[in-house]
Amino acid sequence: MKLALHFLLPLLFLLAGSLLLLAWQSTTRIVNDSINYQMQEAQDRAQSRLDSYLTGLNTLLTSTAESPALANILLKGDRPAAKKILQNTLSHSYGEYLDLLLLTRQDQYWTNLNSPLYLLGNNLNSLIVDTPYFNKWSSVEIIPEPIALFSIIQRYPILSADSGLIAGSLFGGLILNDNLTLISLLGQGSTNKSLQLLIDDQPVGPAFAAGKIEQTIFEQAIASNLSQGEIADHYFSRQPLLINGEASKLQLLLIADKSMSEQLAHAYFYHLLLALVLILLFITTYFFLTIKYVQLNK
């Protein structure tokens, strides 16, 4: 009995260490899985909102392009009437979100209504040339001075009711560099996550900050070139957003603040407490057996 008790104490300490290690590993795995799930859930929620947002714009622009009067206006060269139709489009639901709304005639820039924030001038020619597809959202770079603008553009044919030929094109879309509406929409409901749009691993537009996250955290996450990771007690993930059902150059960077990492500490201390209770039970049992042994051998 004495020999058994002699070996029991080291075994108890070994068991205690094993319990603590298992508590740490299992807690870390559970919390990391939870964090990954929450980050993916936020990504999916942002993707769903982007899809709904673009669908609303697509419906509005399609109905405008299919206006029977628009082709005749283009053929007649009636710019005031064209601008009236465009202005009417902007006043409808979702129309206020359009940063660009312009018409082309014979593949040449003809007239536009766009936000006064964007003084694009002759730089619209690159947009027209670089958007070859009809009825498909495209990422297009417009190059005005002093900085290039990134946009999501949809192009629609305007068909003549008489001949069925294309009389012109309608372009509508968003400027990403400072589009507060889009990033706020994607971040809606985020209490502990901040968002940043990226193109070619470079930030475009403002960040949506749910908390006080330092700019250096964003910079380090972007510079890491990793799809997910941890920086200074912050978790981040970076995934492409889908446009037309396909991965695009546009990426969404998500950063979760310390409240998510605190889950790890809380869960670990909970499991640690359980492990300590078990260890205490084993040690109590050890001393109980020791006392019983001493009493029997008196």
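Biologist: Before we start, which pLDDT do local features need here?

Modeller: This is a predicted model, in which side-chain atom pairs count only at pLDDT 80 or more, totals for chains, interfaces and linings use all residues, and local features need pLDDT of at least 70. Residues are numbered from 1 along each chain as its sequence is written, and side-chain values use heavy atoms, with hydrogens and water left out. For local features, then, the value is a pLDDT of at least 70.

Biologist: Let's begin with the rings: how many aromatic pairs are there?

Modeller: Rings of Phe, Tyr and Trp (its six-membered ring) pair if their centres lie within 6.5 Å; planes under 30 degrees apart count as stacked, over 60 as edge-to-face and the rest as tilted. By this rule the aromatic pairs number three.

Biologist: What is the angle between the planes of Tyr-53 and Tyr-94?

Modeller: The pair has a centre-to-centre distance of 6.3 Å and counts as tilted. It links distant parts of the chain, 41 residues apart: Tyr-53 is in helix H1 (residues 2-65), and Tyr-94 is in the loop between helix H3 (79-90) and strand E1 (100-105). Helices (H or I, at least four residues) and strands (E, at least two) are DSSP runs, numbered from the N terminus. The angle between the planes of Tyr-53 and Tyr-94 is 55°.

Biologist: Which residues form one aromatic cluster?

Modeller: Tyr-94 also pairs with Tyr-97, edge-to-face, at 5.8 Å centre to centre and 85° between the planes. The cluster is therefore made of Tyr-53, Tyr-94 and Tyr-97.

Biologist: Is Tyr-53 buried or exposed?

Modeller: Buried means under 20% relative accessible area, exposed over 50%, and partly exposed in between (1.4 Å probe, protein chains only). Tyr-94, at 25%, is partly exposed, and so is Tyr-97, at 29%. Tyr-53 has a relative accessibility of 3%, so the word for Tyr-53 is buried.

Biologist: Which residue stands opposite Leu-102?

Modeller: Strand E1 is largely enclosed by the rest of the structure, because five of its six residues are buried. E1 pairs with strand E5 (residues 166-175) in the antiparallel sense over five bridges; two strands pair if DSSP finds at least two bridges between them. Within E5, the residue opposite Leu-102 is Phe-171.

Biologist: Turning to H3, what arc do its buried residues cover around the axis?

Modeller: The buried residues in H3 are Ala-82, Ile-85, Leu-86, Thr-89 and Leu-90. They lie on the same side of H3 because their arc, taken from the directions from the helix axis to the C-beta atoms, is only 145°. Pro-80 and Lys-84 are exposed on the other side of H3. The arc is 145°.

Biologist: Which residue caps the N-terminal end of H3?

Modeller: A side-chain oxygen of the capping residue lies 3.3 Å from the backbone nitrogen of Ala-81. The residue that caps this end is Asp-78.

Biologist: Where do the buried residues of H2 lie?

Modeller: In helix H2 (residues 68-76), Leu-70, Ala-71, Ile-73 and Leu-74 are buried. On the other side of H2, Pro-68, Leu-75 and Lys-76 are exposed. The buried residues fall within an arc of 160° seen down the axis, so they line one face of the helix.

Biologist: Which strands are the edge strands of the five-stranded open sheet?

Modeller: The sheet has antiparallel pairing and the order E7-E6-E10-E9-E8. Eight bridges join strand E9 (residues 234-243) to strand E10 (residues 246-256). Each edge strand pairs on one side only, and the two are strand E7 (202-203) and strand E8 (228-231).

Biologist: One more: what separates the C-alpha atoms of Ser-160 and Ala-69?

Modeller: Ser-160 is found in the loop between strand E4 (149-159) and E5. With 8% relative accessibility, Ser-160 counts as buried. Ser-160 and Ala-69 are 91 residues apart along the chain, and the separation of their C-alpha atoms is 8.9 Å.

Terms used
A polar contact is a pair of N or O atoms within 3.5 Å; within protein, one must be able to donate a hydrogen and the other to accept it, and residues adjacent in sequence count only if both atoms are side-chain atoms.
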